[in-house]
Amino acid sequence: MPSEFDLIRRFFTRLPRHALLGVGDDGALLAPTAGCELVVSADMLVEGTHFLPDTDPEALGWKTLAVNLSDIAAMGALPRWALLAAVLPAPARCVPAGTFDWLEAFARGFFACATAFDVDLVGGDTTRGPRAFCVTILGEAPAGQALRRSGAQPGDSIWVSGRPGRAALGLAHLQGRVVLAEPQLSACLAALHRPQPRVALGLALRGLAHAAIDVSDGLLADLGHILDASGCAAHLSIPGLPPPGIERDCFLAGGDDYELVFTAPAEVDDEVMRLGQTLPLALTRIGEIVTGAAGSFILQDAEAQAIVVTRCGFDHFQN
């Protein structure tokens with residue numbers, strides 16, 4: 001059986017483009033851009049909690065990095081470097097017929113995402129155990145320009161990118177809780193397995209948005225983090241909100257979408273709409289920030305009637 005270091009050399013060692021020293025030493029050597037602040041985040045994917053055992057490994061490799069890039073995007077930062085910690089079963093257990101096909105496919109997906117977003121893998125760790133992956137991601141933003149959760153102000157419009165709920169709906173299909181037909185099925189499974197981090201949007205929102213967050217645990221739950229941090233409330237009226245049922249629940253509380261929710265002054269609404277056309281990416285105004293109890297919101301339908309919400313999102317220690 002190859003050693004831990006053989007696996008690292010074979011699957012996870014690439015020449016760095018943005019680092020002075022990458023994988024292979026006790027630590028990486030990085031040279032941040034002058035005038036920039038570092039943005040650092042970490043996220044973990046655990047088999048059985050964040051992905052199913054039979055998930056395609058190449059898609060999983062992509063997603064493992066993509067979900068971390070989404071955090072960098074929400075800060076309005078440019079992703080630069082990543083470290084990967086991998087917990088892997090013994091090779092004969094995690095790949096068919098004792099080959100390394102599974103790990104090779106995972107690395108292929110991971111580096112496809114790294115190449116697409118110009119990120120260097122500069123280090124990490126491997127160990128044996130139940131399958132899990134943890135990425136530490138580092139990005140850069142000009143000093144004082146990173147987006148935060150705490151900047152929302154009364155009068156701001158609230159926006160969301162893309163179409164929240166598709167990833168959760170795709171998972172519901174795989175779990176047999178709903179049956180989807182094409183083309184909706186393919187769109188939902190793509191959202192679940194190969195999320196597209198909104199890095200370009202995050203960069204464009206610097207100097208335009210007041211606050212931002214990515215949708216990882218559910219639209220309402222993650223918007224709630226902005227409201228809590230900003231000491232504000234929200235009035236929500238969401239165009240195209242699905243009727244009551246599993247699709248509405250996925251839209252409001254499903255999570256795993258990695259779209260961006262952000263607030264911006266109402267006077268730049270037209271500029272935000274033009275930005276969506278330029279990217280191109282659907283940007284939908286879903287409400288406004290108001291004065292009120294921090295973290296509270298009112299969700300109304302098209303007739304201005306209040307909608308009762310029973311679930312806002314996912315919590316690892318309550319779900």
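Start by selecting Pro280, which sits in the loop between helix 10 (269–278) and strand 11 (283–290). Helices and strands here are DSSP runs numbered from the N terminus (helices are H or I with at least four residues, strands are E with at least two). Show the backbone and look at the bond between Leu279 and Pro280: it is a cis peptide bond, with omega about -15 degrees.

Before going on, a word on what's on screen. This is a predicted model, in which local features need pLDDT of at least 70, side-chain atom pairs count only at pLDDT 80 or more, and totals for chains, interfaces and linings use all residues. Residues are numbered from 1 along each chain as its sequence is written, and side-chain values use heavy atoms, with hydrogens and water left out.

**Zoom out: the whole protein**

Switch to cartoon view and you have 10 helices and 12 strands. Of the 319 residues, 48% are buried (buried means under 20% relative accessible area, exposed over 50%, partly exposed in between, using a 1.4 Å probe and protein chains only).

Now colour by pLDDT, the predictor's confidence in each residue, from 0 to 100. The average is 88, and 87% of the residues score at least 70. Next, select residues 92–99: pLDDT stays under 50 there, and the model has 9 contacts beyond four places in sequence for this stretch.

**Helix 2 on helix 4**

Select residues 57–74 (helix 2) and 101–116 (helix 4); they pack at an angle of about 35 degrees with axes 6 Å apart. The axes are lines fitted to C-alpha atoms, for helices over the stretch in contact, and angles run from 0 to 180 degrees between N-to-C directions. Which residues of helix 2 make the contact? Show side chains and you'll find Trp62, Leu65 and Leu69 among them, with Trp102, Phe106 and Phe110 among the residues from helix 4. By class, the contact splits into 14 nonpolar, 3 polar and 2 charged residues. (Ala, Val, Leu, Ile, Met, Phe, Trp, Tyr, Cys and Pro count as nonpolar, Asp, Glu, Lys and Arg as charged, and the others, Gly among them, as polar.)

Slide on to Asp118, in the loop between helix 4 and strand 5 (120–128). Asp118 isn't a glycine, yet its phi is positive, about 55 degrees. Its relative accessible area of 36% makes it partly exposed.

**Helix 5 on helix 6**

Next, pick residues 166–174 (helix 5) and 184–193 (helix 6), whose axes come within 7 Å and cross at roughly 105 degrees. That makes helix 5 roughly perpendicular to helix 6 (angles under 35 degrees count as roughly parallel, over 145 as roughly antiparallel, 65 to 115 as roughly perpendicular and the rest as oblique). The residues touching include Arg166, Leu169 and Leu174 of helix 5, and Leu185, Cys188 and Leu192 of helix 6. Here the class count is 10 nonpolar, 4 polar and 1 charged.

Which residues of helix 5 are buried? They are Ala167, Ala168, Leu169, Gly170 and Ala172. Helix 6 and helix 9 (246–253) are included in what covers them. After helix 5, stop at Gly176, with a positive phi near 80 degrees. In the loop between helix 5 and helix 6 lies Pro183, joined to Glu182 by a cis peptide bond with omega about 5 degrees.

**Either side of helix 9**

Find Pro239 in the loop between strand 9 (233–237) and helix 9. Pro239 is partly exposed at 47% relative accessible area, and it touches Thr284, Arg285 and Ile286, leaving out residues up to four places away in sequence. Draw a distance from Pro239 to Gly287: their C-alpha atoms are 9.6 Å apart, though 48 residues separate them along the chain.

Is Asp256 buried or exposed? Its relative accessible area is 17%, which puts it among the buried residues.

**Last stop: strand 12**

Finish at Ile298 in strand 12 (residues 297–300). Ile298 is partly exposed, at 40% relative accessibility. Beyond its neighbours within four places in sequence, Ile298 contacts Ala234, His235 and Leu236.

Technical notes. Contact means heavy atoms within 4.5 Å.
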